[in-house]
Amino acid sequence: MNLQVLQPVKEAGTIEEVIVRLKMLIEECKTSNSRIGFFACLYLKVTERVRDAIQRGEFDDDTRMERFDVIFANRYLDAVSLWRAGEQPTGPWQIALNSSRKMTVLVLQHLLLGMSAHINFDLGIAAVQTVGDADVDTIRKDFNRINDIIGSLTFEVMQSIQRVSPLLSLFGFHATNESLLIQFSITNARDGAWAFAEDLAEKTGADKDACMAARENTIKQLGAKLITSSGLIRITIFFVWLLEWKSPRKIISVLSKAKKNYISINTPQRVSGKALQI
C-alpha cells in the first residue's frame, strides 16, 4: 500500500495526543510496510520518556516543556502528513521521507536522517516558538535534557537494530573515517541546534525567514551526505545491507518492542567493542 492513500496524520494538542498520533502512524506503517515507521518507533519512545519526566517534575518548567514537546512533535507529524498528501515538507524531511522508498538505505541511515531533520532543524525552531517573546536562554536546560533523552534512547534502539542488522558492528572499523554516517553525534547536533535557536531568536521578519531558509538548506545537504558514501564505507554499507532484514513490518515490530533501559550517555557507547557515536 502506498502511504499517500492513507489518512493524513493530524496535529496534536497535548503530549498524550502526540503519543496517540505516533502509535497510529506506527500501526499504519506496519500495515503499509513503510520504512517511515523506523523513526516513528524511536520518536514514540522519546515522547513517552518526556511525558514520564514531566509527570515526575524533572524539568525546570513542566508546563512549558509539554508545550515545547507538542510544538516539536507537530513539526514531524506535519512533515509526514504533507509528504503523504503528495506535498513538499521542509527540505531535511523531504530527504528523510523520500529515502523511505529506497530499500537500499539502511535502518541506521533512516534513523539518522530522521534525527538530523528533527534535531538539526526542527528543534531550534520549536525552542524559539515555545518561549515566544521571552529570552530563549530560559529554556536551555530543558532543551539539553530532551536531547539527553534522545541520546540515551537512541542507544537502546541501536541495540535493537543489531537484531535486524547483524553486521552493523562492521562500521566500528571505520571509526576514524570522516563520513557523516560514522561521525554523526547527538551532542554535536544538539549544540548546533542551540546555536541555530540563539541566532533565530535574535532575528525578525525577512531576516528570520532568511535564517530559517539557510539552515533548512544546510541540513538538507547534511541529510544527503548521510545516504551518499564512497570507497570502503560504501562497500561496508553493502555488506551490512546484504544481511539486514528486508521486511519493514518485521523491523518495526522489533524496534517497537525494545525495552526502556534508561542509561547514561556521558560516555561513548560501543557496538561489539568498537566505539560508535550517537
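Biologist: Which element gives the largest share of the lining of the largest cavity?

Modeller: Helix 4 does, with three residues. This is a predicted model, in which local features need pLDDT of at least 70 and side-chain atom pairs pLDDT 80 or more, while totals for chains, interfaces and linings use all residues. Residues are numbered from 1 along each chain as its sequence is written, and side-chain values use heavy atoms, without hydrogens and water. Helices are DSSP runs of H or I with at least four residues, numbered from the N terminus.

Biologist: What counts as a cavity?

Modeller: On a 1 Å grid over the protein atoms alone, a cavity is a set of points where a 1.4 Å probe fits but cannot get out; lining residues have an atom within 4 Å of a point.

Biologist: Which residues line the largest cavity?

Modeller: Among them are Arg 35, Tyr 76, Trp 93 and His 110. Helix 2 (36-55), helix 4 (91-99) and helix 5 (107-131) each give two or more residues to this lining.

Biologist: Now Arg 215: is this residue buried or exposed?

Modeller: Arg 215 counts as buried because its relative accessibility is 18%, and buried means under 20% with a 1.4 Å probe, protein chains only. Arg 215 lies in helix 9 (residues 205-226).

Biologist: How far is Arg 215 from Pro 92?

Modeller: They are 123 residues apart in sequence, and 9.7 Å apart in space, C-alpha to C-alpha.

Definitions and conventions. 1 Å grid on protein atoms, 1.4 Å probe; cavity = no way out; pocket = protein on both sides within 12 Å on 5 of 7 lines; lining within 4 Å. Buried < 20%, exposed > 50% of the residue type's maximum accessible area, 1.4 Å probe, protein only.
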